[in-house]
Amino acid sequence: MVATSYTVAFEGVEARPVEVQCAVTPGLPSFSIVGLPDKAVSEARDRVRAALTSIAIALPSKRITINLSPADLPKEGSHFDLPIALALLSALDVIPCDEVAQLVSLGELSLDGSLVAVHGALPAAMNAAENDRILICPRASGAEAAWVEACTVLAPANLMELIHHFTGRSILSPSTAGEVRPSPTGRDLRDIKGQERAKRALEIAAAGRHHLMLIGSPGSGKSMLAARLPGILPPLTAVEALETSMIHSLAGLLDEGGISRARPFREPHHTASMAAIVGGGKRAQPGEISLAHNGVLFMDEFPEFPRTVLETLRQPIEMGEVMVARANAHITYPCRFMLIAAANPCKCGYLADAAKACSRAPICGEDYLGRISGPLMDRFDMRIEVPPVAFRDLDLPPSGDPSTTVAERVATARAVQTLRYGDQPGLRTNADVQGQRLEEVCAHDSESHDLMRRAADRFGLSARGYHRVLRVARTIADLDGTEKIQRPHVAEALSYRLMSVNDT
């Protein structure tokens, strides 16, 4: 007789079903696991044996074979411990076989039989719900998995509790979803003195999910502006929160099963490797661009990042997803993020200040910003200069609207876009629209069309640049409450595209 249980193997955010088959046959005593397991899965036999011994269940002196099907799918991670133990217990008639076959399980076993939290409980719950099965996971992961309302989640603390549940001695109660974590209090835009143009650009970028490049001398406020972006972004929708939480679940970033409606804000250091930014490593983990899905990726000191890392951003920016290629698999992660990049105008940082600039100016500025390739720079919807603020201006009272007021305008513009695009796949903001739909959405009058044509001819805008200007103009019109793009909207959008630092 072959006993079976079910679990999942992760390929990106997708949970692939895996059938765990256990056969106890006559022969020399042994315990083997087959089906393309990695080192952590192969070591499960020792953890399972010790856990069963701790609860006074001895393995028979027979040949025990565990097969993980499909056998050609790589199995990685310690979450296979629990399904292997359940298949073995059902093969030994300790728990009913028919009940085990109706559930999906995952969890790591300690040597004393307790269950340890593992990554990926939320995607596993999605898989269990799709297949109309119950999910069994460690107690520490139950609150996270219970966010999938269509799935019943049982979360025992140890193996003995699970055995008592199946034998009817003590029935486990379904887990409840964790709390919605409150959004952290954002920093206020009014804390920044001056920089009104930069604040306006930040508002437009937030309203349409446009990529923004900030260039300015050290201390001009680039990082301060970026740090206040979360305070003006609208909260995640239910669908976006689920998408983002599934990625964070795989990365082990969900704290006590709580889900946040705040948009992710990731700011990797410029020494980060390609695997850290794009994703990869031993188990093809999601990188920073995927952890920033539906949120913001802030890359300070942008030209200091390795050239290979910067160039790998080009395709994810366009496609909204990244493929991590491995020798035996290709794993795709979503990464629809808003890129905010900050850079000094040159190596010394004082290109525009003749009193402080180095002797190589202006060549040093060309060399420094030249580390950012033209195709990558062309993918920024908006590029602005952030001039230094005079020290005498620091004593002036706060200027501009507070973050709460700006956030209301951004939320209103986002609501207009949600109504405009409806349930169209891949279309949520103006930054996503393209093709024939772009021409329909960005309809503009003859004056604005003539301005766009003359600007494209004079400054040599690429087709990508032309379309990105239209998208920004569409967002400005949404903030203005105008149905049709007008000449002032196009003029402002062009001013963010044709930056003097980049032109020089």
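1. Let's start with the largest pocket, which holds about 560 Å³ of space. A pocket here is an open set of points on a 1 Å grid over the protein atoms alone, where a 1.4 Å probe fits, with protein on both sides within 12 Å along at least five of seven lines. The volume is the space filled by probe spheres set on the points, which are joined across faces, edges and corners.

2. A quick word on what you're looking at: this is a predicted model, where local features need pLDDT of at least 70, side-chain atom pairs count only at pLDDT 80 or more, and totals for chains, interfaces and linings use all residues. Residues are numbered from 1 along each chain as its sequence is written, and side-chain values use heavy atoms, leaving out hydrogens and water.

3. Back to the pocket: 29 residues line it, and Thr237, Val239, Glu240, Leu427 and Arg428 are the closest to its centre (lining means having an atom within 4 Å of a point). Helix 17 gives the most to this lining, with 6 residues (helices are DSSP runs of H or I, at least four residues, and strands are runs of E, at least two, numbered from the N terminus).

4. Strand 11 and strand 20 run parallel, joined by 4 bridges; leucine 212 has methionine 382 in strand 20 as its bridge partner.

Notes: Pairing = 2+ DSSP bridges.
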